[in-house]
Amino acid sequence: MQSPSALLPTFHTSLQSFASSPSTFLVLHTIPTSTPPSSTSSQIKTVHVLDSSFNPPTRAHLRIALSALQSTKNASKPQRLLLLLATQNADKAPKPAAFEQRLAMMTILAQDILDQYHSDATSQGSTAENGMDEDSLLAVDIGVTKYPYFHDKAISIDDSKYYAGPATGQLPQQVHLLGFDSLIRLLDTKYYPSTHTLDPLSALFSKHRIRVTRRTEDGDKYGTAEEQDRIWEALARGERESEGGKREWAERIEMVEGEGEAVSSTKVREGVGKGDWALVERLVGKGVREHVQGEGLYVADDKGG
């Protein structure tokens, strides 16, 4: 794997080109590097999309991605994960870490995901059972988008045809991986100012799905699992129809339990500010911690997104 720091100039140049281009979605890097979608003989059925500010990537991102990938029943099909960074964010300014630094750290996260996924697959015997070599089990793409909203991102990914089947042109289903806090924002009409309704989400739910990890580790901030499920249940009962929310959308939302220690990027940045590198490594892993420390990131945290 190429050194994340060595990728910084490439990412910087790619971001400049992307900003001045008409493209709204672009894959900048893939791990393993030899596995673009066109290289697989099997149609990719599902692309798991983990969209975040990655400022920095944490073990929570790792757990959300692995949980989704390991829940896929048909392991004989190639798995695809997209780590997606929006160069515009609906709530957060682009600071304190530059986008190219976040992309570099995303490559570390991608390798951590691959290592853990392959380790689990090997221990379970799934590689041998499916007659697949290790690298064909999973590939992780690192991409950028100019859109801050989920429905626009989903359309942009489809319109790019990046994941279209090489023979059929068929597009895979996207499964967007959200934390519960992101589900709240997704279903908040204030983020759709043109109509102040949920109508724009039809473009997302007509084709794709979302998988929501409950946030029960933060005490009373989000409530119990049962309380968090009420937002989904209200949609299923038709209580959001007056706002444009369709009850059938609830069938495309999967609620799952979160695992492990509560982790936030803010907590990581606070740990860096205190020089508590043991805490930082516990929250982000060794590779990301080494990059953060080596590049001097977050030392003067500006509380960005």
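**Ground rules.** The model is predicted: local features need pLDDT of at least 70, side-chain atom pairs count only at pLDDT 80 or more, and totals for chains, interfaces and linings use all residues. Residues are numbered from 1 along each chain as its sequence is written, and side-chain values use heavy atoms, with hydrogens and water left out.

**Whole protein.** Show everything as cartoon. There are 11 helices and seven strands (DSSP runs numbered from the N terminus: helices are H or I, at least four residues; strands are E, at least two). Of the 305 residues, 50% are buried (under 20% relative accessible area, with exposed over 50% and partly exposed in between; 1.4 Å probe, protein chains only). Among contacts between residues at least 6 apart in sequence, 77% join residues at least 24 apart; contact means heavy atoms within 4.5 Å.

**α1 against α3.** Select residues 8-20 and 99-123. The axes of α1 and α3 come within 9 Å and cross at roughly 125° (axes are lines fitted to C-alpha atoms, for helices over the stretch in contact; angles run from 0 to 180 degrees between N-to-C directions). The two helices are therefore oblique to each other (under 35 degrees is roughly parallel, over 145 roughly antiparallel, 65 to 115 roughly perpendicular, the rest oblique). From α1, Leu8, Phe11, His12 and Leu15 make the contact; from α3, Phe99, Glu100, Gln101, Leu103, Ala104 and Thr107 do.

**The largest core.** A nonpolar core is a set of buried Ala, Val, Leu, Ile, Met, Phe, Trp, Tyr and Cys residues joined through side-chain atoms within 4.5 Å. Select Leu50, Leu81, Leu83, Leu103, Ile113 and Leu138: of the 33 residues in the largest core, these touch the most other members. Helix α3 gives the most to this core, with nine residues. Zoom to Leu50. Leaving aside neighbours within four places in sequence, Leu50 contacts His61, Ile64, Ala65, Leu81, Leu82, Leu83, Leu84 and Leu177.

**The second core.** A separate core holds 22 residues, including Leu178, Phe180, Tyr191 and Leu235.

**α5 and its end.** Select 150-160. The buried residues of α5 are Phe150, His151, Lys153, Ala154, Ser156, Ile157 and Asp158. Just after α5, Lys161 takes a positive phi of about 65°.

**Last stop: Asp229.** Select α8, residues 225-236, where Asp229 is found. Asp229 is buried, at 14% relative accessible area. Not counting residues up to four places away in sequence, Asp229 touches Arg214 and Met255.
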